Amino acid sequence: MSGRPPPEAPARKKMIGERVPLIDGIEKVTGRANYTADFLTAGALVGRIYRSPHSHARIIRIDVEAARKLPGVVAVITGADCDKTFGILPIAQNEFPLARERVRYRGEPVAAVAARDEASAEAALRLIRMEVEGLPAYYEPAKARVLGAVDLHGDRPGNLERDVHNEFGDLAAGFAAADLVREDSFDCAEVTHVHMEPHAALAEYDAERDRITLHSVSQVPYYVHLMVAQCLGMDTARVRVIKPFIGGGFGARTETLNFEIIACLMARAAGGRVRFKLSREETFLTHRGRPRTQIKLKLGMARDGRLTACACEVVQAGGAYGGYGIVTILYAGALLNGLYDIPAVRYDGYRVYTNTPPCGAMRGHGTVDVRHAFECLLDVMAAELGVDAMALRRRNLLSAPTKTINDLMITSYGLPQCLDWAEQASGWRARKAGLPPGKGLGMACSHYVSGAAKPVHWTGEPHAVVNLKLDFDGGITILTGAADIGQGSSTILAQAVGEVLGIDLTRLSVVANDSRITPKDNGSYSSRVTFMVGNAAIQAAERLKDLLVAAAAKKLDAKPGDIECLGEMYRVAGGQDPGVSLNEVIKEALIDSGTITVKGTFTVPREFQGGKFRGAAVGSSMAYSYAACVAEVSVDADTGTVRVDKVWVAHDCGFALNPLSVEGQVQGAVWMGLGQALSEETCYHAGLPVGANMLDYRVPSIVESPDIEVKIVESMDPNGPFGAKEASEGALSSVIPAIANAVHAAVGARLTRTPMTPDRVLDALVKARRAAASGGLKRSA
């Protein structure tokens with residue numbers, strides 16, 4: 001033996017924890033990315049939708065004969081062409097692609113046309129005649145619930161889609177033990193997603209083979225696949241759904257949408273290819289935004305600031321159809337827990353049908369408005385007790401691992417570190433009391449799930465599947481059904497596979513999502529992809545690595561346990577042989593077998609899937625993200641204008657697989673919270689949407705966007721992929737109450753309605769001044 005040290009190994013690529021640009025970024029910034037509306041459509045017919053001008057009416061007759069006879073028109077369809085309902089939840093599918101018997105909101109699809117050009121399609125819509133018998137319309141939950149109100153669906157007395165009543169712990173004892181009990185009501189406006197890309201769908205029917213192919217903007221291609229097959233009465237094997245690039249979703253596309261099914265119905269009726277490009281107004285009408293939420297909240301607190309009890313009542317205006325409504329109203333109550341240690345909680349939730357466009361899931365699904373109310377009332381009580389807002393939150397922290405009173409499993413908990421950083425970075429202690437009039441600091445905390453523990457459709461299949469394909473070219477293709485909607489999930493999967501195998505992105509390609517090619521995935525919702533699909537990708541990569549190690553061992557005449565994987569090189573650990581290249585290992589692995597395909601799966605263990613009470617699955621997750629936010633605002637007391645000067649936010653994402661991506665997601669959450677806090681609101685006049693465009697619906701522009709300082713907190717979740725958990729939604733819920741609390745600190749006005757528009761700020765200032773004057777008069781008396 002020579003005693004020489006083994007040759008120096010080549011550096012193994014580190015892929016996680018690195019600031020890696022998104023793998024599809026080049027296509028997006030150069031304009032090469034093809035979105036649904038960009039596909040070459042030679043020979044495609046132009047699809048258009050005729051929408052109801054009535055909020056609520058019984059359909060007597062729809063006359064489409066003149067439209068059918070118009071030159072250039074190829075097909076016209078109505079509700080008579082599809083008698084199947086659809087929806088995301090198997091127990092709440094009460095919407096037809098095209099209205100049958102009744103229309104329930106202005107803008108509901110009633111008929112559709114396919115023509116050879118846009119002019120003919122538009123002319124055909126003008127020829128459609130609709131005869132109806134008007135019915136009472138209800139635009140607010142209170143009116144929809146009154147005794148004698150017409151039941152919108154015939155099977156929901158009081159127009160209640162779902163009412164929820166849960167109590168955990170001894171509520172009466174909790175309030176009896178409280179030294180301070182306070183309650184208040186909050187009214188949070190309905191908002192919508194305003195994703196950059198309007199809705200679009202391209203459907204092609206193969207009449208000879210009786211097959212349908214749909215390109216669409218969906219976050220959940222698997223569920224779209226199921227609903228297309230259901231509504232067209234086709235075997236699922238005859239349906240193909242392809243997700244191209246998507247220009248945002250934020251929850252708007254987490255359920256099958258009417259235009260997707262209409263496109264398929266129309267393609268079959270026309271016997272060819274039909275393209276639907278919805279206008280921005282039609283995209284607003286398709287909606288599925290966050291519902292208007294009215295909250296009555298009562299909290300009990302001991303003298304030292306410890307919470308003793310919580311009672312919360314929530315009423316949501318859900319719009320005309322079911323959609324995600326049941327899930328949304330359950331989330332609103334379930335996630336009262338999991339952020340702070342509360343010994344007793346009662347929740348009463350009411351999801352109400354109204355004659356407005358259907359609401360659905362939106363970033364921070366179900367939790368945002370209730371968290372806003374909770375954090376605002378906490379600040380009120382902290383002030384009465386003379387306890388600092390930060391200190392009050394610290395007195396109610398959980399200790400992980402733990403199980404909440406409603407059976408949520410908390411395995412990692414970085415909120416204490418989030419609070420520490422937000423307090424220090426914002427200069428909270430030194431600056432809070434010293435700011436001039438009109439300027440204020442406010443803070444709040446929030447959390448969110450890392451994927452819903454139970455899938456919407458329970459089939460017994462894994463919750464996530466990833467396939468890896470290795471072939472003669474030495475490239476590895478990651479096949480996933482998970483929809484990258486701009487959040488960077490494809491990049492995260494590539495990083496995870498690259499980390500396990502020790503290789504960089506040049507060897508990796510991601511294909512997502514084509515139901516003919518990629519494995520089924522439940523979709524991109526509830527921040528599930530990084531956690532669930534990431535774990536599946538890691539398992540697949542480990543299985544591929546095992547095959548490569550075995551091939552290297554054969555080539556080096558060694559035992560697999562002695563082989564060291566160095567990414568682009570495999571060698572005997574501690575030996576003198578320099579080893580063999582990855583290309584040589586791949587050639588060895590392909591002998592006899594040819595193309596190698598390995599599979600990784602992930603399923604949430606039963607103990608994380610919630611308790612045994614009704615609705616327990618909603619809110620359950622394997623991990624929760626945490627955030628603490630501080631906002632600094634300036635308020636003009638003469639105009640009521642609120643300007644957010646800066647936001648500090650710390651987000652516990654477990655482990656930042658890609659810090660660049662995490663920071664961008666947190667900044668996006670802050671920006672969306674800013675809009676809901678100050679300007680965004682969907683408004684209706686007699687059911688007619690007002691401001692259904694990008695000019696009148698006020699999302700913040702770059703002028704209103706403040707400096708956002710993000711701190712990544714890493715609590716290393718024991719079950720997450722490399723310790724990671726949710727990074728996109730958790731921070732949003734803290735932004736709105738942080739701004740509201742800052743406004744109060746600036747001018748002494750407590751607002752309980754969102755958005756906090758100038759007129760509402762001025763009203764609150766007037767009330768605050770009157771209250772102060774009344775108090776002064778009483779003291780002088």
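What volume does the second largest cavity have? The second largest cavity has a volume of about 90 Å³. Among the 14 residues of its lining, Phe284, Thr682, Tyr684, Pro689 and Ala692 are the closest to its centre.

This is a predicted model, in which local features need pLDDT of at least 70 and side-chain atom pairs count only at pLDDT 80 or more, while totals for chains, interfaces and linings use all residues. Residues are numbered from 1 along each chain as its sequence is written, and side-chain values use heavy atoms, with hydrogens and water left out.

**Cavities and a pocket**

On a 1 Å grid over the protein atoms alone, a cavity is a set of points where a 1.4 Å probe fits but cannot get out, and a pocket is an open set with protein on both sides within 12 Å along at least five of seven lines; lining residues have an atom within 4 Å of a point. A volume is the space filled by probe spheres set on the points, which are joined across faces, edges and corners. The whole structure holds six cavities of 30 Å³ or more.

| Space | Volume | Lining residues by class |
|---|---|---|
| Largest cavity | about 130 Å³ | 10 nonpolar, five polar, no charged |
| Second largest cavity | about 90 Å³ | nine nonpolar, four polar, one charged |
| Second largest pocket | about 540 Å³ | 16 nonpolar, six polar, three charged |

In these classes Ala, Val, Leu, Ile, Met, Phe, Trp, Tyr, Cys and Pro count as nonpolar, Asp, Glu, Lys and Arg as charged, and the others, Gly among them, as polar.

Helices (H or I, at least four residues) and strands (E, at least two) are DSSP runs numbered from the N terminus. Strand 7 (160-168), helix 9 and strand 15 (345-353) each give at least two residues to the lining of the largest cavity.

**Cores and helix 16**

A nonpolar core is a set of buried Ala, Val, Leu, Ile, Met, Phe, Trp, Tyr and Cys residues joined through side-chain atoms within 4.5 Å. Buried means under 20% relative accessible area, exposed over 50%, and partly exposed in between (1.4 Å probe, protein chains only). The largest nonpolar core has 121 residues, of which Phe374, Leu415 and Ile739 touch the most other members. Apart from this core lies another, of 48 residues, including Leu470, Ala537, Ile563 and Leu590.

Leu590 is also one of the buried residues of helix 16 (residues 582-590). Among the elements that cover those buried residues are strand 19 (464-470) and helix 15 (529-556). After helix 16 comes Asp592, with a positive phi near 75°.

**Two single residues**

Thr404 sits in the loop between strand 16 (402-403) and strand 17 (409-410), and is buried at a relative accessible area of 10%. Its side chain makes a polar contact (N or O atoms within 3.5 Å, one able to donate a hydrogen and the other to accept it; residues adjacent in sequence count only if both atoms are side-chain atoms) with the side chain of Asn406, at 2.5 Å.

Arg429, in helix 13 (residues 428-431), is exposed, with a relative accessible area of 69%. The side chain of Arg429 makes a polar contact with that of Glu423 (3.2 Å).

Conventions. Contact means heavy atoms within 4.5 Å.
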